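Please keep the sequence and the 3D view open while going through the points.

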Amino acid sequence: MTERETVVLDEGYSLKQVRVMLKLCEAEPLYSTEQLKGPDQATEVMADALARLDREYCCVVNLDSMLRPINFNVVSIGGISRTLVPVQNVFKAAILSNAAGIMLFHNHPSGSLTPSREDVLLTQRLVKAGQLMEIPVLDHVIVGGGGTGRCSLRSEHPKLFCVEEPETYCGGQDKAGHLREPFEITEDRKGDKNLRDEEGCRGAASVAGGRVEKRKTIGEMMEEMRRQAGAKEYAGHSYMDLNRFAEDTRHMVIFDVLTEDSPVGWQGERTRAYLNEEGYRKMARYQEEGHVRIVSHASVRNGHLCYDRRDQVR
């Protein structure tokens, strides 16, 4: 719904002005026996619902800055093996919900857990779009029909979520300037060996001997990311602490506590802290007063760390 105004130009033509007045409307909810406090619980609820559907659905769960689910939105509904996913529609509900991040879900009614080429390319485009809008895509989960399990693309293809990686798909317009059609995701029926290993998609959940293997939790994936980054665990905040992704977090510091009466930490401990601007000013003052010594600093934006120097403690 929009309101319109008209601006009359000197040449006699007019350019209409519009005010955007879109709003969220409540729809049928999904129910859970426990409170949804994080991505893992949201995944359980969404996977249970999608596994029962007879056609492909693409849904988005919107998360706040503490990674708590806000709501979910059905982006598109397709046929038994494919559905169209306009990238702009994926983020529409996220913007209106003031989301700090999103998780994408879609189902394969056939029960296949293998991501198709289109699934992977769509994920690349969404990660890039999320980077520009500062609404990161935390995961893209494929749910197999009939309870065959689910596959986390972050677990199986982590490079897709690395925004520094070059994008292999040129979206938007082709070389002739024509707009591309909404992106289509399909099931991988031919087994594209370029996008999966010989055993298929196994990390998040897989079927072996008639049973579903346990998938990795968000916490386990975060711990794996810490080890891959070569970061140590100190007192205070963990490397992948939720404060890292808070909207107002701007600094990460690692500091040694030098005095017994230090306002922060315990004497002799090395501590990590994610701070907003005010907290960082206080930390600088504590250093001037001799209570702490900052040994490492990184700027933080939307959860991404930018260290002052490459050789800093991590």
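1. Basis. The model is predicted, so local features are taken only at pLDDT of at least 70 and side-chain atom pairs only at pLDDT 80 or more, while totals for chains, interfaces and linings use all residues. Residues are numbered from 1 along each chain as its sequence is written, and side-chain values use heavy atoms, with hydrogens and water left out.

2. Helix α2. Helices (H or I, at least four residues) and strands (E, at least two) are DSSP runs, numbered from the N terminus. In α2 (residues 87-96), the buried residues are Val87, Val90, Phe91, Ala93 and Ala94. They line one face of the helix, because they fall within an arc of 150° when seen down its axis; the arc is that of the directions from the helix axis to the C-beta atoms. Buried means under 20% relative accessible area, exposed over 50%, and partly exposed in between (1.4 Å probe, protein chains only). The cover over these residues includes β3 (57-63), β4 (69-77), β5 (82-85), β6 (101-108), α3 (117-133) and β7 (137-144). Asn98, which follows α2, has a positive phi, near 55°.

3. The five-stranded sheet. An open sheet of mixed pairing runs in the order β12-β14-β13-β15-β16; two strands pair if DSSP finds at least two bridges between them. At the edges stand β12 (235-236) and β16 (304-307), each with a single partner strand, so one side of each has no neighbour in the sheet. Strands β13 (residues 251-257) and β15 (residues 292-301) are antiparallel and share seven bridges. His251 has Ser299 in β15 as its bridge partner.

4. In one of them, the closest N and O atoms of Arg150 and Glu44 are 2.7 Å apart. Arg150 lies in strand β8 (residues 149-152) and Glu44 in helix α1 (residues 39-50), so the pair ties together parts 106 residues apart in sequence. Arg150 is buried at 15% relative accessible area, whereas Glu44 is partly exposed at 42%.

5. Salt bridge within the sheet. Asp256 and Arg293 meet in a salt bridge (3.1 Å, N to O). The pair links β13, which holds Asp256, with β15, which holds Arg293, 37 residues apart. Asp256 is buried at 11% relative accessibility, and Arg293 is partly exposed at 41%. Salt bridges with shared partners join Asp256, Arg270 and Arg293 into one network.

Definitions and conventions. Contact means heavy atoms within 4.5 Å. A salt bridge is a side-chain nitrogen of Lys or Arg within 4 Å of a carboxyl oxygen of Asp or Glu.
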